[in-house]
Amino acid sequence: MGAIFRRELKAYFTSPIAYIFIAVFYIYSSIFFVGYNLGYGTTDMSVVFSNVFTVIMIILPLLTMRLFTEEKRQRTDQCLLTAPVNLFSIVMGKFLAAVCIFLCAMAIYVPYIITLLVFAGNVAWATIIGNFVALLLLGASFISIGIFVSAMTENQVVAAIVSFIIIILFYFVDMLAGNVQIEWLRSIMLALGFYNRYYEFTTGILNVTSLLYFVSAIFIFNFLTVRVLEKRRWD
């Protein structure tokens with residue numbers, strides 16, 4: 001796992017993908033931090049977090065689209081699959097590398113918090129920690145979805161588009177549940193949706209059920225990716 005992680009992390013920083021992702025994240029979040037927190041003189045960072053949530057739905061598929069499609073393009077996938085390496089270690093190495101890039105982007109919140117502490121003297125720690133945990137769990141869930149899609153296709157553009165569609169469906173499914181008249185279907189939609197569970201964390205509520213939900217989503221999609229690779233290995 002460590003070798004795969006280091007290899008993928010190096011690949012991110014030897015291509016423009018990581019720099020573009022981090023730059024877009026920094027620019028987008030700074031616009032709302034300067035415009036809202038500094039502009040209105042408030043320590044409530046929930047607006048910054050919520051608006052960044054919107055942009056990561058769009059740019060995270062760009063971070064994951066190459067993870068397995070690039071292996072196929074360079075014809076290195078067969079070497080990877082036939083190597084005496086555990087498939088779960090391969091998937092987790094790539095997953096953790098993408099999460100590491102995401103954490104590098106989220107690191108921008110540290111100077112934001114320091115700035116608020118200098119000028120305001122205090123911040124709403126419960127809300128900030130809740131938003132940080134929520135964004136990290138959500139980003140990791142989206143990354144696991146993107147890796148799964150990347151393992152399913154050979155085209156990076158297709159991988160990005162399909163990942164985006166699946167992410168949007170998971171985001172909106174519980175919001176659309178109110179329009180569904182069939183009780184059992186509405187219950188399933190509410191259970192699958194990301195938004196309500198994400199929103200709980202942003203208000204400073206640490207719900208164990210929602211925490212387990214995101215961890216389960218990450219595990220399931222990574223497990224499905226392993227199954228896809230396992231099928232290709234035997235084929």
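Start by selecting Arg 7 and Glu 8. They form a salt bridge, with the closest N and O atoms 3.1 Å apart. Here a salt bridge is a side-chain nitrogen of Lys or Arg within 4 Å of a carboxyl oxygen of Asp or Glu. This is a predicted model: local features need pLDDT of at least 70 and side-chain atom pairs count only at pLDDT 80 or more, while totals for chains, interfaces and linings use all residues. Residues are numbered from 1 along each chain as its sequence is written, and side-chain values use heavy atoms, with hydrogens and water left out.

Colour the pair by accessibility. Arg 7 is partly exposed, at 37% relative accessibility. Glu 8 is buried, at 1%. The cut-offs: buried is under 20% relative accessible area, exposed is over 50%, and partly exposed lies in between (1.4 Å probe, protein chains only).

Helices are DSSP runs (H or I, at least four residues), numbered from the N terminus. Arg 66 is buried, like Glu 8.

Next, Lys 94. Its side chain also meets Glu 8 in a salt bridge, at 2.6 Å, N to O. Lys 94 lies in helix α6 (residues 87-106) and Glu 8 in helix α1, so the pair ties together parts 86 residues apart in sequence. Both residues are buried. Show the four side chains at once: Arg 7, Glu 8, Arg 66 and Lys 94 are linked in a network of salt bridges. The whole structure holds four salt bridges.

Move to the largest nonpolar core. It has 68 residues. Such a core is a set of buried Ala, Val, Leu, Ile, Met, Phe, Trp, Tyr and Cys residues joined through side-chain atoms within 4.5 Å. Select Phe 25, Ile 56, Tyr 109, Leu 135 and Phe 142, which have the most contacts inside this core. Helix α8 (residues 125-152) gives the most to the core, with 13 residues.

Centre on Leu 135. Leaving aside neighbours within four places in sequence, its contacts (heavy atoms within 4.5 Å) include Phe 25, Phe 49, Ile 56, Tyr 109 and Tyr 198.

Finish on helix α9 (residues 156-176). Select Val 157, which is found in this helix. Val 157 is exposed, with a relative accessible area of 54%.

Definitions and conventions
Helix = DSSP H or I, 4+ residues; strand = E, 2+ residues; numbered from the N terminus.
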